[in-house]
Amino acid sequence: MINRRKTLALAGVTLAASASLVAWAETDGHPYDKLVEMGYPAPQEGELVHVPPTMADLEAADMKPQTKAVIRRGYDLFTNTQQLRGKNVFNDMNCSSCHLGEGRQPFSAPVWPAAVTLPNFRGKNQHVNNLEERIAGCFAYSMNGTPPAYGSDDMLALSAYHQWLAKGAPVYPDQPIYGRGFPSPERTDELSYTNGEQLFADNCAVCHSEDGSGLYQDGEYVFPATWGDGSNNWGAGIVRTYTAAGFIKNNMPLGQPLSLSDQEAWDIAYYMTQQERPQDPRYTGSVDEVLEKFGPTFHKHSSYGQEREVDGHRLADHANWGEKGEEVKPWNVGQPRFEDLDVE
Ligand code: HEC
Ligand code: HEC
């Protein structure tokens with residue numbers, strides 16, 4: 001059964017991957033023309049449009065071989081983050097599980113904007129973050145892990161890859177950035193859990209499996225887990241329903257982006273973000289305490305601590321940390337900085 005599903009699904013992925021990559025890398029006009037043809041919005045006047053270089057461009061670039069080797073290492077870590085499993089990563093994800101197209105693809109939260117907009121104040125942790133700390137954030141929450149130390153080889157390599165992708169883009173741009181983040185479709189009035197459940201079974205389960213566990217076989221990453229222990233934890237950006245809806249609308253089903261209606265994308269997101277996953281690393285032993293601190297901000301947009309309508313289950317009310325266990329604590333969560341600086 002699993003094998004049949006795997007074969008079926010893999011055939012789909014091969015198709016999908018070639019479709020989406022060819023889509024915007026190998027056209028005659030501007031590389032993003034094809035995206036617009038596929039239905040993505042065209043760049044607005046005044047938006048910053050940047051096409052990140054590829055790894056082939058890196059080979060051709062006039063740079064020191066040592067520098068190229070470090071950027072290559074960063075690319076390798078970004079697309080196969082599982083090599084850090086048990087050390088920094090405690091779920092079944094790679095960075096590229098959510099940042100499609102190797103972190104280069106518009107509307108799939110391309111990662112290069114971080115390299116040109118940071119250091120900057122970040123609402124999520126209430127202080128000024130640099131690129132390393134932004135990367136560390138995705139390790140703590142999205143990878144249910146703990147980041148490589150600042151300045152370590154792995155962190156340097158990952159930062160170098162982000163910065164390489166930003167090559168030629170202006171630093172601290174005044175313009176908004178075309179294709180940044182996972183822009184959400186317009187919020188519909190009513191969201192339906194049961195409709196989302198059915199849509200997930202029909203359109204997503206072939207790869208992600210009905211129980212959301214994806215497919216991770218013999219230590220090999222095939223399809224990422226959309227919820228459960230193999231997925232991101234409750235503190236990750238994608239647990240916000242609008243972010244999940246934006247991801248889904250723009251990127252899924254794989255190879256058929258923008259094929260779902262706004263209502264469908266929202267319903268699936270509503271369903272998906274009401275399934276269990278590892279605890280938020282900011283948890284102090286009480287869901288109510290987390291809600292006191294983050295309910296008005298981050299968790300305002302998630303289902304954290306809410307009762308699921310269909311069965312009354314109180315979401316995230318548990319001390320399940322997933323594979324990370326209780327011992328591994330991401331050191332970059334909840335560390336205040338610059339407290340003695342005056343702010344106008
Ligand atoms: C479970 C999905 C997921 C995974 C896995 C993930 N991220 Fe993210 N990442 C997000 C979301 C969601 C955002 C926020 C996008 C937004 O602004 O709406 C984000 C944002 C970012 C940004 C900032 C982009 C910007 O526009 O400034 C960087 C950099 C980044 N991630 C790097 C990484 C790295 C490095 C890894 C692997 C260690 C990783 N991410 C893994 C979901 C993920
Ligand atoms: C053909 C297989 C396939 C189908 C169908 C598919 N996905 Fe995915 N999905 C993937 C792959 C593969 C990735 C990770 C991309 C990568 O590793 O390159 C992914 C990534 C994701 C992620 C981010 C990582 C995670 O696991 O949370 C979410 C969320 C997601 N898909 C939701 C959906 C939803 C919702 C649907 C149905 C509307 C869907 N997918 C349909 C293959 C698929």
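Which residues of helix H8 (residues 193-203) are buried?

## Basis of the model

This is a predicted model, in which local features need pLDDT of at least 70 and side-chain atom pairs count only at pLDDT 80 or more, while totals for chains, interfaces and linings use all residues. Residues are numbered from 1 along each chain as its sequence is written, and chains are lettered from A and ligands numbered from 1 in the order in which they are written.

## Helix H8

In H8, Gly196, Leu199 and Phe200 are buried, a residue being buried if 20 or more other C-beta atoms, placed from the backbone, lie within 10 Å of its own, and exposed if 12 or fewer do. Helices are DSSP runs (H or I, at least four residues), numbered from the N terminus.

Thr194, Ala201 and Asp202 are exposed on the face of H8 turned away from its buried side.

## Ligand 1

Of the 27 residues around ligand 1, the nearest are Cys95, Cys98, Cys138, Ser142 and Gly237, where a residue is near if its C-beta atom, placed from the backbone, lies within 6 Å. Helices H5 (112-117), H6 (131-140) and H7 (153-165) each give two or more residues to this shell, and H6 gives the most, with 4 residues.

Ligand 1 lies between domain 2 (40-165) and domain 3 (193-324), because both give residues to its shell; the domain bounds come from an automatic or database domain assignment.

## Ligand 2

Ligand 2 is surrounded by 26 residues, the closest being Cys204, Cys207, Pro224, Met252 and Pro253. The largest share of its shell, 4 residues, comes from H1.
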